[in-house]
Amino acid sequence: MTKKGRIFSGIQPSGRLHIGNYLGAIKQFVPLQETYETVFGIVDLHAMTQSYDTGEMSERIINAAVNYLASGLDPDKAMLMLQSGVAEHSELAWILATVTPLPWIQRVPTFKEKARNQPDNVNMGLFNYPVLMAADILLYKSVAVPVGEDQRPHLELTREIARAFNQRFGEFFPEPEEIIMKGNQSRVMGLDGKKRMSKSIGNCIYLDDDAETIYEKVTRHGVTDPARVRKSDPGNPDICNMFTWHTFFSDKKAQEECADQCRNAEFGCMDCKAVLVRNIVETLEPIQERQKELMDDLDKVRDIIRDGTERARKIAQETMKEVREITGLTYLD
Ligand code: AMP
Ligand code: TRP
């Protein structure tokens with residue numbers, strides 16, 4: 001079958017991956033491998049924009065790779081690559097920076113948010129972050145990018161940068177579309193239901209959390225309908241974050257039962273959470289089994305990353321050769 005074109009997506013190795021990463025991003029990567037040529041990046045250069053312990057980086061890269069693979073990424077179909085292993089990402093980022101007006105970046109909401117969150121470390125990398133992301137995507141001439149809702153502004157900017165480049169140097173890069181899950185999966189809220197689940201906040205269920213940890217987190221910290229104080233109060237599942245989680249992990253029948261019994265005050269929040277925990281654990285079980293197998297064979301994981309990086313590099317080099325030609329950087333050729 002001929003594929004529909006190429007797609008790229010990336011995950012930062014900035015901590016252990018969580019169910020938000022899985023539901024919003026990785027879960028949609030799996031079917032896409034069948035219809036597109038797919039490149040999935042572990043974007044370690046992006047992760048450098050936050051302070052980090054250098055000794056931990058390799059472990060984080062392994063965690064990201066193992067989770068990608070355990071969630072169904074197939075190295076025979078997709079390229080699993082390490083961003084820092086393909087120098088062309090940084091090279092293209094520089095060239096794209098030269099066609100990106102300063103105010104475009106100044107208005108990116110994620111930049112403003114990160115600058116607020118790490119006031120002592122507002123580095124140029126943070127500023128350049130969206131340009132490097134545009135380079136990741138355009139380097140592979142990607143036609144689409146599967147991501148969570150929070151990445152929408154970055155994708156809009158990527159299209160603007162592609163357009164600016166094409167206007168300056170002639171039609172070259174396709175303008176990639178975003179592929180975003182429908183419904184709440186594209187923006188999974190953390191346990192408290194107030195903020196998006198995020199590695200930097202830590203309000204997460206991690207993909208490698210064991211059953212006991214998941215039980216503890218959900219029962220202690222999972223926020224439900226705040227107006228419901230006693231079990232005898234009728235609850236409102238529509239405003240309950242734990243009920244939203246049911247829609248991710250429980251089948252229709254269990255969802256309806258929980259919702260009805262909550263509204264009728266037959267079921268307490270703890271009863272509802274017990275069903276939820278069981279279903280989260282069940283969903284994660286096969287992923288965790290594969291995680292364990294992969295963790296026992298890290299040589300294989302490294303070979304997969306090395307192979308994916310090499311295959312990606314070939315495409316990247318071809319693109320950069322063309323980019324150098326159309327931008328006039330050919331003096332030594
Ligand atoms: P990050 O962890 O920031 O590298 O994100 C990797 C991918 O997961 C991106 O496509 C994000 O949009 C997606 N993602 C991160 N957090 C969430 C969340 N809470 N809900 C849905 N998708 C998310
Ligand atoms: N910015 C993305 C995030 O934080 C990670 C990322 C980097 C990415 N480069 C990318 C996602 C290219 C999609 C395509 O989640």
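**Working through the model**

Tutor: Leaving aside neighbours within four places in sequence, histidine 246 is in contact with Gln255, Cys258, Cys272, Val275 and Leu276. Contact here means heavy atoms within 4.5 Å.

Student: What should I know about the source and the numbering?

Tutor: This is a predicted model: local features need pLDDT of at least 70, side-chain atom pairs count only at pLDDT 80 or more, and totals for chains, interfaces and linings use all residues. Residues are numbered from 1 along each chain as its sequence is written, chains are lettered from A and ligands numbered from 1 in the order in which they are written, and side-chain values use heavy atoms, with hydrogens and water left out.

Student: Back to histidine 246. Which helix is it found in?

Tutor: Histidine 246 is in helix H10, residues 241-249. Helices (H or I, at least four residues) and strands (E, at least two) are DSSP runs, numbered from the N terminus.

Student: Is histidine 246 buried or exposed?

Tutor: Buried, with a relative accessible area of 0%. The cut-offs: buried is under 20% relative accessible area, exposed is over 50%, and partly exposed is in between (1.4 Å probe, protein chains only).

Student: What polar contact does the side chain of histidine 246 make?

Tutor: One with the side chain of serine 250, at 2.7 Å. A polar contact is a pair of N or O atoms within 3.5 Å; within protein, one must be able to donate a hydrogen and the other to accept it, and residues adjacent in sequence count only if both atoms are side-chain atoms.

Student: New topic: H7. How many residues does it have?

Tutor: H7 has 16 residues, 124-139. From first C-alpha to last, H7 reaches 21 Å, close to the 22 Å expected at 1.5 Å a residue. That expected span is 1.5 Å times one less than the number of residues.

Student: Where does H7 bend?

Tutor: At proline 130, by about 40 degrees. The bend is the angle between axes fitted to the seven residues ending there and the seven starting there.

Student: Why is H7 largely enclosed by the rest of the structure?

Tutor: Because 13 of its 16 residues are buried. Tyrosine 129 is in H7 and counts as buried at 7% relative accessibility.

Student: What does tyrosine 129 touch?

Tutor: Gln12, His46, Thr49, Lys114 and His154, not counting residues up to four places away in sequence. A polar contact of 2.9 Å joins the side chains of tyrosine 129 and glutamine 12.

Student: And the ends of H7?

Tutor: At the start, a side-chain oxygen of asparagine 123 comes to within 3.0 Å of the backbone nitrogen of glycine 125. Just after H7, lysine 141 has a positive phi of about 50 degrees, although it is not a glycine. Lysine 141 lies in the loop between H7 and strand S4 (144-147).

Student: What about domains?

Tutor: The domain assignment gives domain 1 (6-189 + 298-327) and domain 2 (211-291). Such bounds come from an automatic or database assignment. The contact takes 13 residues from domain 1 and nine residues from domain 2.

Student: How much area do domain 1 and domain 2 bury between them?

Tutor: About 960 Å², 70% of it on carbon and sulfur atoms. Buried area is the accessible area (1.4 Å probe) that two parts lose on being put together, summed over both. Ile19, Ala70 and Met189 supply 44% of what domain 1 buries against domain 2, more than any other three residues.
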